[in-house]
Amino acid sequence: MADLIHRPRRLRRNEGIRSLVRETRLSPDNLIMPFFVCPGEGVRREIGSMPGNFNLSIDELVKEVKSVKELGIRSVILFGLPSAKDPVGKDAYAEDGIVQQAIRAIKREVPGVIVIADNCLCEYTDHGHCGVIRDNDVDNDPTLELLSKTAVAQAEAGADIVAPSNMMDGFVRAIRTALGNAGYQQVPIMSYAVKYASGFYGPFREAADSAPQFGDRRSYQMDPANVREALREAELDVDEGADMLMVKPAMPYLDVIRAVRERFNLPLAAYQVSGEFAMIKAAGRLGWIDEPRVMMESLVSIKRAGADMILTYFAQDASRLLA
Ligand code: PBG
């Protein structure tokens, strides 16, 4: 075998060589840490199915965002738990809504951190759906008006990026127009363009208390079986003025990330959702997998598939390992 010409193992012999030829790298620069903000003071309530993640009051959130910044993470995304819910999700677009207050506090206390505002109504409605209800289903066009108001309230509070996650038809156009009319032409839209109706959102619904009280989200979120439809959704959002696209969840949909990456030139985000996080945490706790190793492997896979940015509850743990 002395004449064997091709020996790929030559480039794997030690970490120096492996590092030289490594194709994909993770960096805290493009990890986005999600936070759940709730009313009160000094509140730091751990989320049962998401160990290490908390419902945080604004004062505690500010502390967390400071520590995240020290780890080199530049961006956070905020979800709100309002003090009261109602059929039309008023707190989402109130000037003093919980997320608007949190954005103002972060902008004031932790300058330099990019604050992304998730734009949806499910955390704010008493029925837990992502819009207003008519005949037992979410009514698309009236919902667009509320989402638009939400985007403007978020921009007014100082959000750097608005990230609509509601999966209504025409949401990017509606929000782009509303932001423009209010003088916020410069605020980018990170569209959850491709969002599947996924069982992997389970822990999030505990964290945000946003489980639908009847039915499910299949009349607006996508069927997990479809990929051509994902390209259609992405194409519409590009046409309507999205600045960045997102695919969600991430690991079960790496083929979709790759397909969207190949077809569109906008920056692409992938959301490693609560259930993906919880599975890795749980198996790690049981000693069934090596948690830090699987965490890094899952993140690098998502990037290798084509994501530029990853929203992940592992942002802090991963950044610590990368330091
Ligand atoms: C709001 C929203 C959800 C998630 C992000 N934005 C929940 C849902 O659609 O039910 C899920 C994130 C996660 O599971 O980590 N619509």
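I'll talk about the ligand and then the cavities.

A quick note first: this is a predicted model, so local features need pLDDT of at least 70 and side-chain atom pairs count only at pLDDT 80 or more, while totals for chains, interfaces and linings use all residues. Residues are numbered from 1 along each chain as its sequence is written, and side-chain values use heavy atoms, with hydrogens and water left out.

Let's start with the ligand. It has 17 residues around it, and the closest are Lys195, Arg205, Lys248, Ser274 and Tyr313; near here requires a heavy atom within 4 Å. By class, that shell has eight nonpolar, three polar and six charged residues. For Lys248, a polar side-chain atom is 3.2 Å from a ligand nitrogen. On its own the ligand has 400 Å² of accessible area, and the protein covers 100% of that (Shrake-Rupley, 1.4 Å probe).

So where does the ligand sit? In the largest cavity, with more than half of its atoms within 2 Å of the grid points. A cavity here is a set of points on a 1 Å grid, over protein atoms alone, where a 1.4 Å probe fits but cannot get out; lining residues have an atom within 4 Å of a point. The largest cavity holds about 110 Å³ of space. Its lining has 15 residues, with Cys122, Ser165, Lys195, Phe204 and Lys248 closest to the centre.

The second largest cavity has about 50 Å³, and its lining includes Met33, Phe54 and Gln316. Thanks, everyone!

Definitions and conventions
Polar contact = N/O pair within 3.5 Å; in protein donor to acceptor, adjacent residues only side chain to side chain. 1 Å grid on protein atoms, 1.4 Å probe; cavity = no way out; pocket = protein on both sides within 12 Å on 5 of 7 lines; lining within 4 Å. Nonpolar A, V, L, I, M, F, W, Y, C, P; charged D, E, K, R; others polar. Points joined across faces, edges and corners; volume = space filled by probe spheres on them.
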